[in-house]
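Here is a short briefing on one protein model.

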Amino acid sequence: MNHVRNIKKCVIEKLSEVGIVAANDGGGLVTILNMSWKGVVTLLQLGKGALVPRVNIPDIILTLQSLAIEPLRCASMSWSTSSLKETVSVTEAKRTFLPVKFYLINAVRISSRYPCQACLMYKELPLVVLKIATCIISLSKEPLLKIASEVSAELLIPTAFHLLNSLLSSPQLKQELKDQLLDWLFIDKTGSSFAGNSIDEIFSVNTDTATQARILLIGRVFLFLNFLQYSVDVDEDVRLGMSKKLGWLFDAIIDEEIYASLIVLQIPILYSTKNAPELGCYSMFSYLLHSLKTFMIVISSSAIWKDFVSFLLENFFHPHFLCGEVIMELWCFILRHGEIDMVNEILDKLCSVLKFLASRDSAFVASSALRKMARSICWILTFGTQSMVDRVYSSILGGKESDLASVMYVALLIEGFPLNFLADSLKSIVTDKIAADYFRFMENLNDYSLSSSDSGLFGVPVFALSAALQSRHGSISVKDSRTLKFLLCYS
């Protein structure tokens, strides 16, 4: 038996050497190249672990990675340094990237068969994928390389993703090793080295400098979005790890270079359809939103959902406007498509936060936390349903009236609470209340000025009427508006 294993070891080593020679020939020995590496993979798959002590499996995987990166590097540098006069054709791009895919596929087959050995290269493996992702983004910035970027995304991204997922989803690996891999991929801080934009700098990064290479940050973000997009294909513990990295994503996208790329860059995206995957170019910001929404759908019925909602609540007042827009878009998505019980629970939480933030003076300070919260709630409700608007109104003013209830009421009206979305019966009650409160205030103006001027509530009915009339969302009907204007003139 040992004799047979030694023969297999020798054959694997020789086939690897033949495969390297064939690869360095520049593609002229395709048949030999194909047979040699397929032979290596087949023998390793048949080994059933017995070859581990005899064969240097990590070295074979590293060799395949090097062979994959080299044609990608050469072609990308050639395209970027030469003065291209016409677009790189699909044929030329496929001729470049198909060998890269071939080597990656063989690396995936070996890694999935020997995950423990592959995980010894928890830096080298993800670095190859990061270089591929960053290179694709870099190519997409050049109009003449747009087709090359699309072809590379179509051929390489699924295979590169599978290379990492084969390790992250392996039952043979401990969770600490998987967390270590994710931590290295999505490291909290990057330095300022390799902060340029050239292809040469992308491929010059090694495992020692990768954590400090800002040039790879865009690739890390792109890869993270791919994990979110294909989260249905990963294990639950990987999804949990990704949910814990959402803070990293927000820290990354406020980087000035990443932020600019999100806004202006069109990137090639491979979407799954009923028939077959389809490739298209979309803005990176759209892909960010789509990936997060896909992730939300996947985890909506799991224990991770509570952590995700907590993340949304914690970042409700994110200081960066882009992150704030993302948070609001995700809230709107939940309330538009979520189950009624989930939606009601979330609305109740938002109203609870609004009540917690309410204070006597806060309704009239545009920068106050109360006004910011009211502004966000009103924005969300403009994309909601009548029942959602009714629920929020009833939660704030459905019970016994109080000073703080009046403060929240005015804050919501000032921020454009969609009155016109209320049920007709409730809308009539609201209109009558606004008019009655205002009329009562004008009749007792002197009494109000003495009792309320120091309380921060003086003039609440006036603010309520003014906000209802000037609602930027047109949330009060023409008929009700005329009624309130008549009362204002009459008084």
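**Overall picture**

The protein has 24 helices and 2 strands. The model is predicted.

**Contacts and surface of the whole protein**

- Take the contacts in the protein with a separation of 6 or more: residues 24 or more positions apart account for 71% of them.
- The accessible surface of the protein comes to about 22,900 Å².
- Carbon and sulfur atoms hold 55% of that accessible surface.

**Helix 7 with helix 8**

- Two packed helices are described by the angle between their axes and the distance between the axes.
- Helix 7 covers residues 146-168, and helix 8 covers residues 175-185.
- Their axes come within 9 Å and cross at roughly 145 degrees.
- Helix 7 contributes L164, L167 and L168 to the contact.
- Helix 8 contributes K178, L181, L182 and L185.
- By class, the residues of this contact are 6 nonpolar, no polar and 1 charged.

**A nonpolar surface patch**

- Which residues make the nonpolar surface patch of about 210 Å²? V18, L29 and I32 make it.
- V18 lies in helix 1, which spans residues 2-24.
- V18 is partly exposed, with a relative accessible area of 35%.
- Patch residues need over 30% relative accessible area, so V18, at 35%, passes that cut-off.

Notes: Residues numbered from 1 in each chain as written. Predicted model: local features only at pLDDT ≥ 70, side-chain atom pairs only at ≥ 80, totals over all residues. Heavy atoms only, no water. Patch = residues over 30% accessible without salt bridge, like charges linked within 9 Å, V, L, I, M, F, W, Y side chains within 5 Å. Areas by Shrake-Rupley, 256 points an atom, 1.4 Å probe, with all protein chains shown as cover. Salt bridge = Lys/Arg side-chain N within 4 Å of Asp/Glu carboxyl O. Helix = DSSP H or I, 4+ residues; strand = E, 2+ residues; numbered from the N terminus. Buried < 20%, exposed > 50% of the residue type's maximum accessible area, 1.4 Å probe, protein only. Axes fitted to C-alpha atoms, helices over the stretch in contact; angles between N-to-C directions. Contact = heavy atoms within 4.5 Å. Nonpolar A, V, L, I, M, F, W, Y, C, P; charged D, E, K, R; others polar.
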